[in-house]
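Trainee: I would like to learn how to read a structure feature by feature. Could we go through one together, slowly?

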Amino acid sequence: MVVVIVVEKFGADGFLERSWDLPPGVVEPLRAHVTVTRDGGIVDVWPVTSEVAVIVQPWIGEPIDVTSGVWFVSSARVSA
């Protein structure tokens, strides 16, 4: 199993609109803003703040509006 960092965007209806898997190296800069386990997993789901948006924006295909409240960052364990 490997840990994948995920950014998710939800619609106004609360349903997932889109998600992006980020490269493993992005977890290190995120440590200052979210709780990260030793193996690189993010504990819980965190809203994307302006600080987090700066870190993840290069991998997201659209502008992140942190005031919208629809953007979140988390992680998932997937088979390698």
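Predicted model: local features only at pLDDT ≥ 70, side-chain atom pairs only at ≥ 80, totals over all residues.

Trainee: How many bridges join β1 to strand β2, and do the two run parallel or antiparallel?

Mentor: As a general idea, strands of a sheet pair through backbone hydrogen bonds, and the pairing can be parallel or antiparallel. Here β1 and β2, the latter covering residues 16-22, run antiparallel and are joined by six bridges. Within this pairing, Val 7 has Trp 20 of β2 standing opposite. The hairpin that β1 and β2 form has five residues between the strands, and Gly 14 adopts a positive phi near 90° there.

Trainee: What is the order of the strands in the open sheet, and which strands stand at the edges?

Mentor: Reading across the open sheet of four strands, you meet β2-β1-β4-β3, with antiparallel pairing. The edges are taken by β2 and β3 (46-47), and because each has a single partner strand, one side of each is left without a neighbour in the sheet.

Trainee: Turning to charged side chains, how many salt bridges does a search of the whole structure find?

Mentor: The general idea is that side chains of opposite charge can pair when their charged atoms come close. In this structure the search finds four salt bridges. One of them links Arg 31 with Glu 28, whose closest N and O atoms are 3.0 Å apart, and Arg 31 is partly exposed, having a relative accessible area of 33%.

Trainee: Which residues are linked with Lys 9 in a network of salt bridges?

Mentor: The network links Lys 9 with Glu 17 and Glu 62. The side chain of Lys 9 meets that of Glu 17 at 3.6 Å, N to O, and that of Glu 62 at 2.6 Å, N to O. Lys 9 lies in strand β1 (residues 2-10), whereas Glu 62 lies in the loop between α2 (50-56) and β4 (71-78), so this pair ties together parts that are 53 residues apart in sequence.

Trainee: Is Glu 8 buried or exposed, and which side chain of opposite charge is nearest?

Mentor: Glu 8, which also has its place in strand β1, is buried but has no salt bridge, and the nearest side chain of opposite charge, Arg 18, is 12 Å away. Setting aside neighbours within four places in sequence, the contacts of Glu 8 include Leu 16, Ser 19, Val 70, Trp 71 and Phe 72.

Trainee: Finally, which residues touch the most other members of the largest nonpolar core?

Mentor: In soluble globular proteins, nonpolar side chains tend to be buried together. The largest nonpolar core here has 20 residues, of which Leu 30, Val 56 and Val 73 touch the most other members. At least two residues of this core come from each of β1, β2, α1 (27-30), α2 and β4, and α2 gives the largest share, with four residues. Not counting residues up to four places away in sequence, Leu 30 touches Ile 5, Ile 42, Val 52, Ile 55, Val 56 and Val 73.

Definitions and conventions:
Residues numbered from 1 in each chain as written. Heavy atoms only, no water. Buried < 20%, exposed > 50% of the residue type's maximum accessible area, 1.4 Å probe, protein only. Pairing = 2+ DSSP bridges. Core = buried A, V, L, I, M, F, W, Y, C linked by side-chain atoms within 4.5 Å. Contact = heavy atoms within 4.5 Å. Lys, Arg positive; Asp, Glu negative; His and termini not counted.
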